[in-house]
Amino acid sequence: MAQWNKKSVSVEVVKELCERYKIDPVSASIFARRQITEGKDLLYFLENDLRFQHCPFLFSEMEDAVDRILAAKEEGEKVLIFGDRDVDGVSSTTILYDCLKEMGLDVHWSIPMGDDTYGLNKKIIDAFAAQNGTLIITVDCGITAREEAAYAAEKYIDLIITDHHNPVEELPEAIILDPKTENSGYPFCDISGAAVAYKLVQALRFSKTELYKEDICLLNVVPVNEAYTIECLKVRNMTIKSKLFETIVPGTVDISRTKLLPFLDGQQIFVWDAEITKKLLSKIFGNGVEFNLMDLRPEIAKVFKFAAEKSLLALKDLSKIAHYSEKPATEIEGFYNLFVTFIQQKNAAKFPDDIKNEEKDLQLVMLAALADMMPLKNENRIFIKKGLEPINSGKSRDGLRELINSLALNGKKLTATDIAWNVTPALNAAGRLGQPELAIKLFMSKDAKERLELAEKIISLNEQRKQIMADVMPEAEKNALESIETYSGKLCLAISEKIPRGVTGLIAQRLAKQFNLPAFTVAFLDNLCVGSVRGVPGFNAPVFLNQFGDFFIDFGGHTASAGFQFERAKLDEFLSKLKELSQTVELEECEEFEVDAELPAKYMTPDVLKIIDSFEPYGMENQPLTFMSRSLKIYDVQQLGKTERQHLKITFDCGKNKWPAMFWGEAERYHRDFEKEDRLDILFHITRNEFNGAVTPQLILEDLKRTEQQ
């Protein structure tokens with residue numbers, strides 16, 4: 001029997017969350033149970049401003065990547081963007097291509113077609129070298145291409161790798177932007193390949209501004225009793241490179257003996273109020289020391305009127321970012337936050353087309369995050385929220401608009417779940433069936449008629465993909481079921497000549513869900529075996545595959561999903577090794593449900609939908625909220641099904657409100673586990689049901705129990 005876990009939470013923690021962040025008690029208790037209690041994490045649930053995304057120049061090699069691309073533009077070099085065939089790869093390729101094309105570069109794109117294998121290869125490099133190409137930029141791939149990078153160098157081709165997959169121990173010789181590498185510098189490792197490409201594009205756009213590669217210093221002086229603290233931040237490309245805090249008693253130290261002079265050397269010095277700051281510095285060092293200060297207060301006040309008459313002490317507490325900090329913000333930190341926001345506003349006004357293009361880019365970043373099942377935390381949440389905004393306000397980008405219309409999704413408010421269930425599978429179908437170029441052309445075409453035709457072709461391919469799955473799944477299920485005993489009940493394997501390589505991931509995903517086991521699917525492609533693995537909670541796919549040592553030609557992926565290739569001649573060795581390693585797999589003994597909150601009958605009102613909406617978007621690592629209610633009175637029970645009664649529709653009497661609930665595939669539990677006269681404890685999600693234009697709240701049951709009689 002499934003176990004319902006409702007974690008106890010601290011009343012003090014819930015109260016603090018309510019008071020500090022102005023949220024309701026139910027939401028606060030959900031955050032507490034999900035262990036989302038720190039400001040840096042709550043920020044991404046409660047805010048959706050792009051100001052809260054991470055600066056692209058936090059990547060340690062971002063400036064190198066930008067400079068190499070700018071040099072390619074200056075010298076008229078031929079540039080190739082090489083991506084992957086899935087939604088993430090297609091989105092990455094489109095985002096970067098659009099930007100470089102607009103910049104005026106001689107740029108081309110390439111992705112694996114037909115039965116081409118994943119990743120950069122020597123054939124692609126040779127073809128590009130023959131065209132006198134000199135720079136390849138990979139997107140959503142390349143982090144394992146050490147041999148290919150060396151080969152490109154032999155052909156006098158430079159390589160920029162933008163990827164997000166797990167790196168190998170020895171990295172390729174290239175400029176690398178991958179948040180999962182040890183020294184990437186980037187603070188959040190779980191962004192998509194498209195997000196990495198988008199960060200590169202952001203940095204390229206910033207390179208047009210006067211502050212690109214400029215070293216500046218933000219300086220502030222704070223009186224402390226009889227002394228003064230000089231606060232300094234060294235900033236380059238909007239990132240803090242170093243800090244200096246020095247407390248000095250006036251008249252006790254000559255400026256030449258402080259750390260201040262070398263820290264300020266060669267930089268512009270920005271202050272909030274130049275007149276006051278100069279007076280304070282004169283008190284510290286005497287009138288003989290001159291500082292060349294640039295006063296930002298008048299400039300910032302033109303953009304933010306509220307700041308005109310305020311001190312940094314007053315302004316620091318108005319900062320939203322500071323609001324989510326665990327420690328009180330210092331004046332210089334408040335100054336930095338205000339400065340960054342000011343520069344962003346200034347650049348937006350100067351380059352309005354960049355803002356329009358960013359809106360288009362974010363729609364693709366949103367698609368990639370959902371298609372690649374990125375964890376919905378940190379800045380991924382902002383990417384998805386901002387990506388959905390234009391779609392739901394009738395401003396979908398070219399290509400996506402035609403696809404949404406062709407899928408009959410226009411006219412309704414789309415959620416991340418809608419996109420993940422309908423849009424990304426259609427786009428992925430093009431790549432799975434060997435025609436990923438259709439998806440890229442859909443997003444790049446300037447002709448509305450052509451885009452509509454491409455959208456319809458992609459949908460047709462998705463229907464073919466569904467039919468392929470229907471044809472192959474019975475045999476895959478049979479193979480997997482028979483394999484479970486071979487692998488001691490720890491995993492399952494489907495392997496067949498009939499499985500097309502493009503659907504191995506989908507088959508593995510379905511098998512993992514069906515058998516609640518890590519699932520492997522292997523297809524044959526000439527002299528290769530091409531496989532996918534999908535995991536269950538607690539199983540790390542790349543870590544498991546890494547135990548094979550150097551067996552694979554190529555492998556990689558994410559925690560829950562990975563792909564691999566090996567020589568067909570090594571199939572028996574693979575099966576033997578898989579059997580051996582299956583003994584290392586540890587699985588959860590019984591199904592467990594984590595309860596987010598308990599809702600008494602009196603709280604079962606349509607208002608609860610506001611809480612549901614506030615936790616959107618849902619997906620990986622932010623599953624739909626799971627609620628529990630006790631002793632609900634049954635109003636009606638219906639058994640549903642076209643050919644046989646497979647499902648239950650139970651209507652609960654919650655006082656003023658009657659709540660319909662669907663219990664999919666569980667019709668047999670009526671009369672076995674409960675009767676209509678019983679009261680039930682239920683475990684459920686809350687959704688919206690749309691029918692004939694009407695939208696009503698509905699429960700989706702996960703489990704139920706007859707209420708114990710007291």
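Q: Where does α20 have a kink?
A: The bend at a residue is the angle between axes fitted to the seven residues ending there and the seven starting there. In this predicted model, α20 has a kink of about 40 degrees at valine 472, shortly before proline 474. Helices (H or I, at least four residues) and strands (E, at least two) are DSSP runs, numbered from the N terminus. Local features here need pLDDT of at least 70, side-chain atom pairs count only at pLDDT 80 or more, and totals for chains, interfaces and linings use all residues. Residues are numbered from 1 along each chain as its sequence is written, and side-chain values use heavy atoms, leaving out hydrogens and water.

Q: How many residues does α20 have, and what span does that give?
A: The expected span is 1.5 Å times one less than the number of residues. Helix α20 (residues 448-486) has 39 residues and reaches 54 Å from first C-alpha to last, close to the expected 57 Å.

Q: What happens just after α20?
A: Serine 488 takes a positive phi of about 55 degrees there.

Q: Now the sheet: what is the order of its strands?
A: Strands of a sheet pair through backbone hydrogen bonds, either parallel or antiparallel. Here two strands pair if DSSP finds at least two bridges between them. This open sheet of five strands runs β9-β8-β7-β10-β11, with mixed pairing. Its edge strands, β9 and β11 (293-295), each pair on one side only.

Q: In which sense do β7 and β8 pair?
A: Strands β7 (residues 215-224) and β8 (residues 227-236) are antiparallel over 10 bridges. Isoleucine 216 stands opposite valine 235 in β8.
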